Amino acid sequence: MSDHHLVVVNVNGMDYHRTVEARLLLSDFLRHELNLTGTHVGCEHGVCGACTVLFDGQPVRSCLMFAVQADGHEIMTVEGLGTPEKLHPIQEAFWEAHGAQCGFCTPGILMTLVPFLESNPDPDEDEIRHAISGNLCRCTGYQHIVDSVKLAAEKMST
Ligand code: FES
Ligand code: FES
């Protein structure tokens, strides 16, 4: 019996039809099948949060899911957030408040923040730190990230 399956996944508003191995991780599907390499892969076991994408609007760790589980679902990756010409307000804030250094953790943090800021438009610092507690950053010491989230909240509320 073949372990290949046809999946139809909507990613950033476009439907993709692909035949994939049952064992293919969603993170590898996005990066290698769709060339959406903005989704980063760090630990590959659910710890670092670098691979976070939105799955039907909710943040998930794409290294902990198989591509076949995304069949019939909507995924949003960092590529769907904004463009270099028109950044999303959260991206603008990270740019202006220096929320990224090497940038490896940044896509996962941005995708974690989208639903967080939509449901909590005026978070305090504790809430921000709690929201990003599942996203590890080896560069920033987190203060610039927290400052960026505060700026993002301001931008999104105006
Ligand atoms: S690569 Fe998925 S959580 Fe680290
Ligand atoms: S900016 Fe380098 S890991 Fe976070």
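The side chains of Glu33 and Arg18 meet in a salt bridge, with 3.9 Å from N to O, where the term stands for a side-chain nitrogen of Lys or Arg within 4 Å of a carboxyl oxygen of Asp or Glu. Because Glu33 belongs to helix α1 (residues 26-33) and Arg18 to strand β2 (residues 14-21), the pair ties together parts that are 15 residues apart in sequence. Glu33 is partly exposed at a relative accessible area of 35%, and Arg18 is partly exposed at 28%; buried means under 20%, exposed over 50% and partly exposed in between, with a 1.4 Å probe and protein chains only.

This is a predicted model, in which local features need pLDDT of at least 70 and side-chain atom pairs count only at pLDDT 80 or more, while totals for chains, interfaces and linings use all residues. Residues are numbered from 1 along each chain as its sequence is written, chains are lettered from A and ligands numbered from 1 in the order in which they are written, and side-chain values use heavy atoms, with hydrogens and water left out.

A search of the whole structure finds six salt bridges. One of them joins Lys155 to Glu92, whose closest N and O atoms are 3.1 Å apart; Lys155 lies in helix α5 (residues 143-157) and Glu92 in helix α2 (residues 89-96), so this pair ties together parts that are 63 residues apart in sequence. Glu92 is partly exposed, with a relative accessible area of 29%.

Arg129 forms a salt bridge with Glu125, again with closest N and O atoms 3.1 Å apart, and both residues lie in helix α4 (residues 125-131), four residues apart, or about one turn of the helix. Salt bridges that share partners also join Glu92, Glu96 and Lys155 into one network.

## Fold and overall dimensions

The chain contains five helices and five strands, which are DSSP runs numbered from the N terminus (helices H or I, at least four residues; strands E, at least two), and along the sequence they follow the pattern β-β-α-β-β-β-α-α-α-α. The C-alpha atoms fill a box of roughly 55 × 30 × 25 Å along the principal axes.

Buried residues make up 44% of the 158 residues. Of the contacts with a separation of 6 or more, 55% are between residues 24 or more positions apart, a contact being heavy atoms within 4.5 Å.
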